[in-house]
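This briefing concerns the protein shown below, and it is arranged by topic for a reader who wishes to follow each point in the coordinates.

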Amino acid sequence: MPVDSQPMGRRERNKQAKLDRIVAAARELFAEHGVDEVTTQQIADKADIGTGTLFLYVKSKGDLLLLVQNSGYAAALTKGRNAAESITDTFESVMAIVRPVVECNRTQVDNGRTYLREMVFGDHEEPHHRDALVLSAQTEEAIADVLRRGGRVRPENAVALAHIISAVMFLGMAASINATKTVDELVQDLGTQIRVLLQG
């Protein structure tokens, strides 16, 4: 039997169960109170583990936020990619990718903004930070794939333009001036900027 298809042993299942409890506890507490108002002790208590055990799984509360948010981001990106596949208009297809990412990030605005700060300034050696950067790169790849369709954008320009669009999106989500905007308002603002980029 190949190694990949072997079932997990009891120890691995127990570790995974603890990690699942930690993530569920953190997700619930972060959503209810915001990441800044939640302590690692509260997360450990809710997950029914000791704080020492918590730090065997994550190095910090920021690392835990990355873990929690990454799963939502991955799902949002999959949703956006799937929606973009059936849309022929380039702008609408790009926005089909952008919107679910914005919605995910704005589920709890302060958490979303903290997540973006962790992505930019966090320790790139940490696995959850690397995962967040991979998701960001995958977002750019998805946008570049849309831009290459139909030959509207030269292939060598698609990657650079996707990078700029991604930067516009992340800056828009992180900016303090946008903290009180609804998802629709933020998506509309981003759409105005992205439309100008695509017309150029």
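T90 is buried, with a relative accessible area of 9%, where buried means under 20% relative accessible area, exposed over 50% and partly exposed in between, for a 1.4 Å probe and protein chains only. The place of this residue, T90, is in helix 5, and T90 touches V146, L147, R152 and L198 when residues up to four places away in sequence are not counted, a contact being heavy atoms within 4.5 Å. The model is predicted, and local features need pLDDT of at least 70, side-chain atom pairs count only at pLDDT 80 or more, and totals for chains, interfaces and linings use all residues. Residues are numbered from 1 along each chain as its sequence is written, and side-chain values use heavy atoms, with hydrogens and water left out.

**Overall architecture**

- The secondary structure comes to 9 helices and 0 strands, these being DSSP runs numbered from the N terminus, with H or I over at least four residues for helices and E over at least two for strands.
- From the N terminus on, the order of elements in the protein is α-α-α-α-α-α-α-α-α, and its C-alpha atoms fill a box of roughly 55 × 50 × 30 Å, taken along the principal axes.
- Of the 200 residues of the protein, 41% count as buried; among contacts between residues at least 6 apart in sequence, 66% join residues at least 24 apart.

**The nonpolar core**

- The largest nonpolar core has 56 residues, and those with the most contacts inside it are I43, L64, Y73, Y115, L147 and I194; such a core is a set of buried Ala, Val, Leu, Ile, Met, Phe, Trp, Tyr and Cys residues joined through side-chain atoms within 4.5 Å.
- The elements that give two or more residues to this core include helix 1 (10-33), helix 2 (40-47), helix 4 (61-85) and helix 5 (90-105), and also among them are helix 6 (109-121), helix 7 (127-148), helix 8 (155-174) and helix 9 (183-199).
- Leaving aside its neighbours within four places in sequence, Y115 is in contact with L65, L66, Q69, N70, Y73, N105, A132 and L135.

**Helix 8 and its partners**

- The axes of helix 8 and helix 9 come within 10 Å and cross at roughly 155°, where axes are lines fitted to C-alpha atoms, for helices over the stretch in contact, and angles run from 0 to 180 degrees between N-to-C directions.
- That crossing angle makes helix 8 roughly antiparallel to helix 9, given that angles under 35 degrees count as roughly parallel, over 145 as roughly antiparallel, 65 to 115 as roughly perpendicular and the rest as oblique.
- In this pair, L161, I164, I165, V168, M169, G172 and M173 of helix 8 meet L186, L190, Q193, I194, L197 and L198 of helix 9, and the residues of the contact divide into 11 nonpolar, 2 polar and no charged; Ala, Val, Leu, Ile, Met, Phe, Trp, Tyr, Cys and Pro count as nonpolar, Asp, Glu, Lys and Arg as charged, and the others, Gly among them, as polar.
- Helix 5 and helix 8 have axes that come within 11 Å and cross at roughly 25°, and the two helices are therefore roughly parallel to each other; V94, V98, V101, V102 and N105 of helix 5 make the contact with I165, M169 and M173 of helix 8, which by class has 7 nonpolar, 1 polar and no charged residues.
- Helix 6 and helix 8 have axes that come within 9 Å and cross at roughly 130°, and they are therefore oblique to each other; R113, L116 and M119 of helix 6 make the contact with F170, M173 and A174 of helix 8, and by class the contact has 5 nonpolar, no polar and 1 charged residues.

**Individual residues**

- G80 is found in helix 4 and is buried, with a relative accessible area of 0%; leaving aside its neighbours within four places in sequence, G80 is in contact with A96, I97 and P100.
- A25 lies in helix 1 and, at 4% relative accessibility, counts as buried; the C-alpha atoms of A25 and I43, 18 residues apart along the chain, are separated by 5.8 Å.
- Leaving aside its neighbours within four places in sequence, A25 is in contact with I43, K46 and A47.
- D48 has its place in the loop between helix 2 and helix 3 (51-57), and at 63% relative accessibility D48 counts as exposed.
- Most residues other than glycine have a negative phi, whereas D48 has a positive phi of about 60° although it is not a glycine.
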